[in-house]
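Me: I am new to reading structures, and I would like to know what stands behind each term that is used to describe one. Please set each value against its definition before you conclude anything.

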Amino acid sequence: MQMNKRKTLGMTAYLLFILVPIYWLLNMSFKRNDEILGALTLWPNDFTFDNYITIFSDPSWYMGYVNSMIYVSMNMAITLVVALPAAYAFSRYKFVGDKHLFFWLLTNRMAPPAVFLLPFFQLYSSVGLFDTHIAVALAHCLFTVPLAVWILEGFISGVPREVDETAFIDGYSFPRFFIRIFLPMIRSGIGVTAFFCFMFSWVELLLAKTLTSVEAKPIAAIMTRTVGAAGIDWGLLSAAGILTIVPGILVIWFVRNHVAKGFALGRV
Amino acid sequence: MSLDLKNLGYEVEGEKYLTDVNLKLEPGSFNVLLGRTLAGKTSLMRLIAGLDRPTAGSIYMDGIDVTNIAVQKRNISMVYQQFINYPNLTVRENIASPLIIAKTKASEITRRVNETAAILQIEPFLDRYPLELSGGQQQRTSMARALVKDASIILFDEPLVNLDYKLREELRSELRDLFKERNAIAVYATTEPNEAMALGGVTTLLHEGRVIQTGLSTKVYRNPINIEAAKLFSEPAINLIPGRLSQNEVTFDDSVHFPLDDDLSKIPPGNYVFGVLPSHIGLVPNHDDDLEITMRMQLAEISGSETYMHVVNDHFNLVLQLSGVISYHIGDSIKVYLPTHKLFVFDQAGNTIQTPSQRIRGN
């Protein structure tokens, strides 16, 4: 009993500790700037939705979210389309250098995105991809595709090869088997992979910021440029911050039961 | 449809899985591939199915070379040891899937799925998903999918191994009945001699990637071509005792002697290996020419309602297959009776010289 109480206490303290910054952000997003800068209040004295209204009514704000969502979705789609066949091949076939290639894929993740900043910037500028959604999506693919191949390979290897063979014996052609039988079997893996792509692409700032200027500017970039003549608009920034967290929470909620397996690259 | 395998060989990265396999499977025949693990049973089935390409030889169906024809076009079906179904389709959709691919009419599909499900007794589960069923029902589902299309060749790769004993017996006898009216070639791989005997038909003995012997199950059982065949087709394995045959007697390891009978005297004198089936040795004499040997009790292995009794003396050991559960103290001295008229005789190279059944015919 004593032990249980202590556990509960520890757990509560821990939760409070990690939730305080998020609560503070939420708290600030409902305050006016003078209150934020004025006194320490645990609850907004003058509760207001103004900050949120500004974001949802001003295109220079909400287009940031739209841009981010567009290139994140593009990235997820491209990654899955590329990684699924690759992971299938790594799982099912033997070919020269397959093991080396498979490991080499993961080494791509070892370089920080900043390394690729210059080549991407120069290349995209010269081929006219600069400031487009697809530019950011493609740049992010360099990091998401290797991870996706690794995760999906784990999930695919969990499906017995005999299922594939049975389908071929039954007369299924490969594309039909892949779409009708195989994809539904690894759907949780696909969900987890999409989640990891989202995690990377939604949070990544450096590449997204550098490769865009106006048309495809992500929300994170907009947030860093809110220092106006009147100083920093704290309340507005907090509201934007809250709205940036929400999609992440939603996505995590959908894949919560499979995420652990994804972290283990599908090998549980 | 007949199936003709000619000089089939299969090797992967220098490792030989099959060597020079020649087999002719007749339409409507039930063929059992009997061999230990790694004997090449699965490899051979995969070649027949077209899942792998042989590295030597060719496969003919009705005289047409199909060696390089894709698996989708071979009109075969296969049941694996693992329960393989499509987990995201219901049992009904699972069974119907080969028919849907073949663009069969909807009414025809319904009729055949129901019919097959009825035979395999899975009608009540048609709308469930395979993973909601027991192992036996899952395997019935995959069997139904294999049987629903009119495949010319149906391959069973140890389909009953992962099932419990009772269910195995039940499914095995059903399986045999299912093939009575069909004109398809059934190929059934197993490691168990008893299963091969129960299924009947033609048995092919595989050992280390080679075919040792092929023929009607009972014939192969009674007349194994060599020691390896005799060992493969007996469970527990046949007892082998090295011995010498002279002008008037047989000597086992200089310790046990018995006079020749009419049949044994036809064999030229020399060194031989004598075989006797564990079920033929008894604890009481039941024939005049039974040989009494005093042995020491070593181990009693109880298998179902049978006891496998391992006994030793200073020169050789024997296994007895006795009915009923019998217990003895280890180290006890017991007398066993070995029927000399039921001996297999092999030469030093392992080839069969004489089998008990040949003697019966001889008399």
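Reply: Let us begin with a definition: helices (H or I, at least four residues) and strands (E, at least two) are DSSP runs, numbered from the N terminus. This is a predicted model, in which local features need pLDDT of at least 70 and side-chain atom pairs count only at pLDDT 80 or more, while totals for chains, interfaces and linings use all residues. Residues are numbered from 1 along each chain as its sequence is written, and chains are lettered from A and ligands numbered from 1 in the order in which they are written.

Me: What makes residues 234-255 of chain A helical?

Reply: The span is 100% helix and 0% strand by these DSSP runs, and its end C-alpha atoms lie 33 Å apart. For residues 177-203 of chain A, the figures are 96% helix and 0% strand, with 36 Å between the end C-alpha atoms.

Me: Where does the label "transmembrane region" in chain A come from?

Reply: It comes from an unreviewed UniProt entry, which places the feature at residues 12-30, 69-90, 102-121, 133-156, 177-203 and 234-255 of chain A. UniProt positions are given in the numbering used here, feature names are shortened, and annotations may be inferred rather than shown by experiment, so the label should be read as an annotation.

Me: Which domains is chain A divided into, and how far apart are their centres?

Reply: The bounds come from an automatic or database domain assignment, and they give domain 1 (1-48) and domain 2 (54-263) of chain A. Taken over C-alpha atoms, the centres of these two domains of chain A are separated by 32 Å.

Me: How do you know which residues join domain 1 and domain 2 of chain A?

Reply: Two residues are in contact if their C-beta atoms, placed from the backbone, lie within 7 Å. By that rule, eight residues of domain 1 of chain A and seven residues of domain 2 of chain A take part. On the side of domain 1 of chain A that touches domain 2 of chain A, helix 1 (2-29) and helix 2 (33-38) of chain A each supply at least two residues, and helix 1 of chain A gives the most, with four residues. This side of domain 1 divides into four nonpolar, two polar and two charged residues, where Ala, Val, Leu, Ile, Met, Phe, Trp, Tyr, Cys and Pro count as nonpolar, Asp, Glu, Lys and Arg as charged, and the others, Gly among them, as polar.

Me: How many residues of each chain take part in the contact between chain A and chain B?

Reply: Under the contact rule already given, the contact takes 14 residues from chain A and 17 from chain B. On the side of chain A that touches chain B, the elements giving two or more residues are helix 8 (161-170) and helix 9 (174-185) of chain A, and the largest share, seven residues, comes from helix 8 of chain A. The residues of this side of chain A are eight nonpolar, three polar and three charged.

Me: What makes strand 1 and strand 4 of chain B a pair?

Reply: Two strands pair if DSSP finds at least two bridges between them. Strand 1 (residues 3-12) and strand 4 (residues 56-61) of chain B run antiparallel and are joined by five bridges, so they meet the definition.

Me: Why are strand 17 and strand 18 of chain B said to stand at the edges of their sheet?

Reply: In chain B, an open sheet of four strands has the order 17-16-15-18, with antiparallel pairing. Strand 17 (317-323) and strand 18 (333-339) of chain B each have a single partner strand, so one side of each is left without a neighbour in the sheet. Strand 18 of chain B pairs with strand 15 (residues 290-303) of chain B over seven bridges in the antiparallel sense, and there B:Glu292 has B:Tyr337 as its bridge partner.

Me: What is known about the hairpin of strand 12 and strand 13 of chain B?

Reply: Strand 12 and strand 13 (residues 256-259) of chain B run antiparallel and are joined by four bridges, with B:Glu249 standing opposite B:Pro259. Three residues lie between the two strands of this hairpin, and B:Asp253 in the turn has a positive phi of about 50°.

Me: What share of chain B counts as buried?

Reply: A residue is buried if 20 or more other C-beta atoms, placed from the backbone, lie within 10 Å of its own, exposed if 12 or fewer, and partly exposed in between. Of the 363 residues of chain B, 40% count as buried. Chain B has nine helices and 20 strands, and its C-alpha atoms fill a box of roughly 75 × 45 × 40 Å along the principal axes.
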